[in-house]
Amino acid sequence: MAEALDALDRGVEPGRPLLRDAVRALLAELSQRAPGRSVEVRIPPFGAIQCVAGPRHTRGTPPNVVETDAKTWLLVATGRLDWSEAVRDGRLRASGVRTDLSEFLPLTGG
């Protein structure tokens, strides 16, 4: 993850394997910090998890969905980009009453 973040900090596109591994590591950390199944977090094409305590979703389109691209996820999850700013700018889409994940962030030191 450090290599991917270093590349982003330098304005360089991280290699796909680095980006994938960093996204998955941060999703795994989020699932540990916010266990549950009421929110689906999607970072295509690298991963998706369900997290946050509350009513469990089992069929169809989930009512609480967070979706963004890999680079934005790395920036938000590590505190380099504020959650509300990413939502306001449209870089991160959060639909549903449980989707504000800012209380669980940053997932690592930023």
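## A walk around the helices and the sheet

Start by selecting residues 16-33, helix 2: at 1.5 Å a residue its 18 residues should span 26 Å, and its end C-alpha atoms are 26 Å apart, which agrees. The expected span here is 1.5 Å times one less than the number of residues. Helices are DSSP runs of H or I with at least four residues, strands are runs of E with at least two, and both are numbered from the N terminus.

Before going on, note that this is a predicted model: local features need pLDDT of at least 70, side-chain atom pairs count only at pLDDT 80 or more, and totals for chains, interfaces and linings use all residues. Residues are numbered from 1 along each chain as its sequence is written, and side-chain values use heavy atoms, with hydrogens and water left out.

Stay on helix 2 and show the side chains of Leu19, Ala22, Val23, Leu26, Leu27 and Leu30, its buried residues. Buried means under 20% relative accessible area, with a 1.4 Å probe and protein chains only. An α-helix has 3.6 residues a turn, so residues three or four places apart point the same way.

What do the buried residues of helix 2 pack against? Select helix 1 (2-9), strand 1 (39-43), strand 2 (47-51) and helix 3 (70-77) to see these partners. Contact means heavy atoms within 4.5 Å.

Four strands form an open sheet in the order 2-1-3-4, with mixed pairing; the edge strands, strand 2 and strand 4 (92-95), each pair on one side only. Strands count as paired if DSSP finds at least two bridges between them. Zoom in on strand 1 and strand 2, which run antiparallel and are joined by five bridges. Pick Ile43 and you'll find Gly47 of strand 2 opposite. Bring helix 2 back: helix 2 lies across strand 1 and strand 2, at about 5 degrees to strand 2. Axes are lines fitted to C-alpha atoms, for helices over the stretch in contact, and angles run from 0 to 180 degrees between N-to-C directions.

Now show helix 1 with helix 3. They pack at an angle of about 100 degrees, their axes 11 Å apart, and are therefore roughly perpendicular to each other (65 to 115 degrees). For the contact, select Ala4, Leu5 and Leu8 of helix 1 and Lys71, Leu74 and Leu75 of helix 3.

Last stop: helix 3 alone. Seven of its eight residues are buried, so to speak mostly covered; among them are Trp73 and Val76.

Technical notes. Buried means under 20% relative accessible area, exposed over 50%, partly exposed in between (1.4 Å probe, protein chains only). Angles under 35 degrees count as roughly parallel, over 145 as roughly antiparallel, 65 to 115 as roughly perpendicular and the rest as oblique.
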